[in-house]
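Subject: Structure handover

Hi,

Here is the structure I promised to pass on. Please open it alongside this note; my findings follow below.

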Amino acid sequence: MVLMCSVRSCKTKHTKNSDIKFHKFPKNEELRSKWLLAINNESWFVPSQHSVVCSKHFDMSDYETNALGNKKLKIAAIPKSTIIRRSLLEGTSSFKRQQ
Ligand SMILES: [Zn+2]
């Protein structure tokens, strides 16, 4: 199955050559509800076990490097809802209005 970001205004898809990472929703109820608030989706949105949020919504400080030198999302990290602003700053035109 194709991984696609759950953030309504993002919808980044997983592609082979991208270095974007996809993170599943946390199992912890409290953290999960914080994620939902942060990504500001429609109220009917309920994340499934396959729902993911892409790494565009996290800062470098949300990651920690483990003993093997791999970057890992911190357990308490919460996505930022700055995807639109960020893409404007970067001057990308890849943000398309698709439904
Ligand atoms: Zn995304």
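Is Lys-11 buried, exposed or partly exposed? Lys-11 is partly exposed, because 15 other C-beta atoms lie within 10 Å, and a residue needs 20 or more to be buried, or 12 or fewer to be exposed. Lys-11 sits in the segment before β1. Check its backbone too: phi is positive, at about 60 degrees, although Lys-11 is not a glycine.

A word on confidence. This is a predicted model. Mean pLDDT for the protein is 82. Residues that reach 70 or more make up 81%. Strand β1 (residues 22-24) has the highest confidence, with a mean of 95. Helix α2 (residues 83-89) has the lowest, with a mean of 52. Where pLDDT is low, the predicted coordinates should not be read in detail.

Now the layout. The protein has two helices and four strands. Their order from the N terminus is β-α-β-β-β-α. The protein has 99 residues, and 16% of them are buried. Take contacts between residues at least 6 apart in sequence: 59% of these join residues at least 24 apart.

Next, the core. The largest nonpolar core holds eight residues: Cys-5, Val-7, Cys-10, Phe-25, Trp-35, Ile-39, Val-53 and Cys-54. Two or more of these residues come from each of α1 (29-39) and β2 (52-54). As a general point, nonpolar side chains in soluble globular proteins tend to be buried together.

Val-53 deserves a look of its own. Val-53 belongs to strand β2. Why does Val-53 count as buried? The reason is its 25 C-beta neighbours inside 10 Å, against a cut-off of 20 or more. Beyond its neighbours within four places in sequence, Val-53 contacts Cys-5, Ser-6, Val-7, His-23, Trp-35, Ile-39 and Pro-79. Take Val-7 from that list. Val-53 and Val-7 are 46 residues apart in sequence, and their C-alpha atoms are 6.6 Å apart in space.

Ile-75 is the last stop. Ile-75 lies in the loop between β4 (71-73) and α2. Ile-75 is exposed, because its count is 9 other C-beta atoms within 10 Å. From Ile-75 to Asn-28 the C-alpha to C-alpha separation is 9.9 Å, across 47 residues of sequence.

Best wishes

How values were computed
Residues are numbered from 1 along each chain as its sequence is written. This is a predicted model: local features need pLDDT of at least 70, side-chain atom pairs count only at pLDDT 80 or more; totals for chains, interfaces and linings use all residues. pLDDT is the predictor's confidence in each residue, from 0 to 100. A nonpolar core is a set of buried Ala, Val, Leu, Ile, Met, Phe, Trp, Tyr and Cys residues joined through C-beta atoms within 7 Å. Two residues are in contact if their C-beta atoms, placed from the backbone, lie within 7 Å.
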